[in-house]
Amino acid sequence: MTVLKNDLFLRACKRLPVERTPIWIMRQAGRYLPEYRAVRKKADFLTLCKTPELVAEVTLQPVDLIGVDAAIIFSDILVVPEAMGMHLEIYEGRGPVFPNPIRNEADAKALKEIDPGIELKYVLDAVALTKKELNQRVPLIGFSGSPWTLLTYMVEGQGAKTFSIVKNLIYNNPALAHALLDKIANTVANYLNAKIEAGVDAVQLFDTWGGILSPHDFVTFSLSYIEKIISRIKRKDIPIILFAKGVHFSFQQLAESGADVVGLDWSMEIGDVRKMIGDKVALQGNMDPTVLYAGQEQIRQEAIRILRSFGHGTGHVFNLGHGILPDVPPENLKALVRCVKEESVQFHSSGSEFES
Ligand code: CP3
């Protein structure tokens, strides 16, 4: 068995001792990197996602150029509904669009029950190739959207402001909403198991739109399906990260979902959340992504503040509270990564009992 050269991220996820706090960044392979934009010049977004050699290339870019402690396989959460038969278009500057969204029972019925080994084989091939090219330098993260977040796109057809179409569905036809969520949850569980089989070392569930629901509806329409997926993941020691944006009302429940790591947006002090739930799970986060617009000294101060807020000991995976923005200077991210690597040592070293 080959052993990872840098397994800090996996150890922190499992709350095992680490020498320093690991860091990776949501959307770390993306448009803020000139090297990513150069690859995108050669291929449109979906072609890129479906070409394993290009996926491996852009997945490795932030490892090589920025020095992060984990890679995340380059793809998109919306390749799942596409594989289920929905036509997907990704427009420059407008984001993803499903021109034929799901609006009734017939549309729902037309969604295919897929075998990820067939319809999403290109992702699995990309995972295998990327693992090989990473050569055990850092762990590889696989991911999926949560059923609720996928459903919002599938029903709305595009990014939404009020989410009135999907909210109409859950209140006026809850049976159809649950049937769809169940179908998506089964697909996501099979998909994540296939990614684990293909070689990923951890998985992250993105519930980007969990926070548009009330606490009660969040449990009914999102968390219950996330829990179903987690219970079906064939673990083999693979950490599961749950990032649900805007659901600070539900941290206690997230910590009891079966996930190993709970991802935080920047709406709460990480230290306060640790006091609440930090002995049950590891925490990931939680710098405001826009801090990367600031000067490097300010970025450094904010990083130290977050490290101090979490405090001493393992169980912290440093990250932003959401994806990195496309107009951030790569040097600023590099400075953040360098700072976390240097400054976090004091929160782990055995000599730290001398710290105040
Ligand atoms: O983190 C990584 O580096 C892996 C890559 C990744 C992408 N999308 C690449 C991408 C991941 C993990 C995602 C997840 C994703 N996709 C989410 C959940 C995370 C989140 O940010 O909330 C969501 C909601 C989507 C749906 C999606 N795909 C949107 C809203 C957009 C448009 C975003 C924009 O800023 O234009 C996409 C397209 C997309 N996915 C891009 C990238 C790099 C930009 C497309 C391009 O290169 O032109």
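A salt bridge is defined here as a side-chain nitrogen of Lys or Arg within 4 Å of a carboxyl oxygen of Asp or Glu. With that rule in mind, select Glu256 and Lys280, whose side chains meet in a salt bridge with an N to O distance of 3.6 Å.

Before continuing, note that this is a predicted model, in which local features need pLDDT of at least 70 and side-chain atom pairs count only at pLDDT 80 or more, while totals for chains, interfaces and linings use all residues. Residues are numbered from 1 along each chain as its sequence is written, and side-chain values use heavy atoms, with hydrogens and water left out.

**The two domains**

Colour the protein chain by domain: domain 1 comprises 29-65 + 70-262, and domain 2 comprises 264-356. These bounds come from an automatic or database domain assignment. The centres of the two domains, taken over C-alpha atoms, are separated by 25 Å. Domain 1 gives 20 residues to the contact and domain 2 gives 22, where contact means heavy atoms within 4.5 Å.

**The interface**

Next, display the surface between domain 1 and domain 2. The buried area there is about 1,800 Å², and carbon and sulfur atoms give 66% of it; buried area is the accessible area (1.4 Å probe) that two parts lose on being put together, summed over both. Select Tyr32, Phe251 and Val262 in domain 1, which lose the most area to domain 2 and together account for 36% of what that side buries.

Across this interface the rule finds 1 salt bridge. There are also 6 residue pairs in polar contact between the domains, both residues being at pLDDT 80 or more. A polar contact is a pair of N or O atoms within 3.5 Å; within protein, one must be able to donate a hydrogen and the other to accept it, and residues adjacent in sequence count only if both atoms are side-chain atoms.

On the side of domain 1 that touches domain 2, the elements giving two or more residues are β6 (240-244), α13 (251-255) and β7 (261-263). Helices (H or I, at least four residues) and strands (E, at least two) are DSSP runs, numbered from the N terminus. The largest share of that side, 3 residues, comes from α13.

**The ligand**

Now centre the view on the ligand. It is surrounded by 23 residues, the closest being Arg31, Tyr36, Asp76, Thr208 and His322; a residue counts as near if one of its heavy atoms lies within 4 Å. An N or O atom in the side chain of Thr208 is 2.7 Å from an oxygen atom of the ligand. For His322, a polar side-chain atom lies 2.7 Å from a ligand oxygen atom. At Ala29, a polar backbone atom is 3.1 Å from an oxygen atom of the ligand.

**Further stops**

The structure holds 14 salt bridges. One to select is Glu82 with Lys50, whose closest N and O atoms are 3.0 Å apart. Glu82 lies in helix α5 (residues 79-83) and Lys50 in the loop between α3 (45-49) and α4 (52-65), so the pair ties together parts that are 32 residues apart in sequence.

The peptide bond from Gly285 to Asn286 is cis, with omega near -5°.

Finish at Asn135, in the loop between α8 (121-134) and β4 (140-145). Its phi is near 55°, a positive value in a residue other than glycine.
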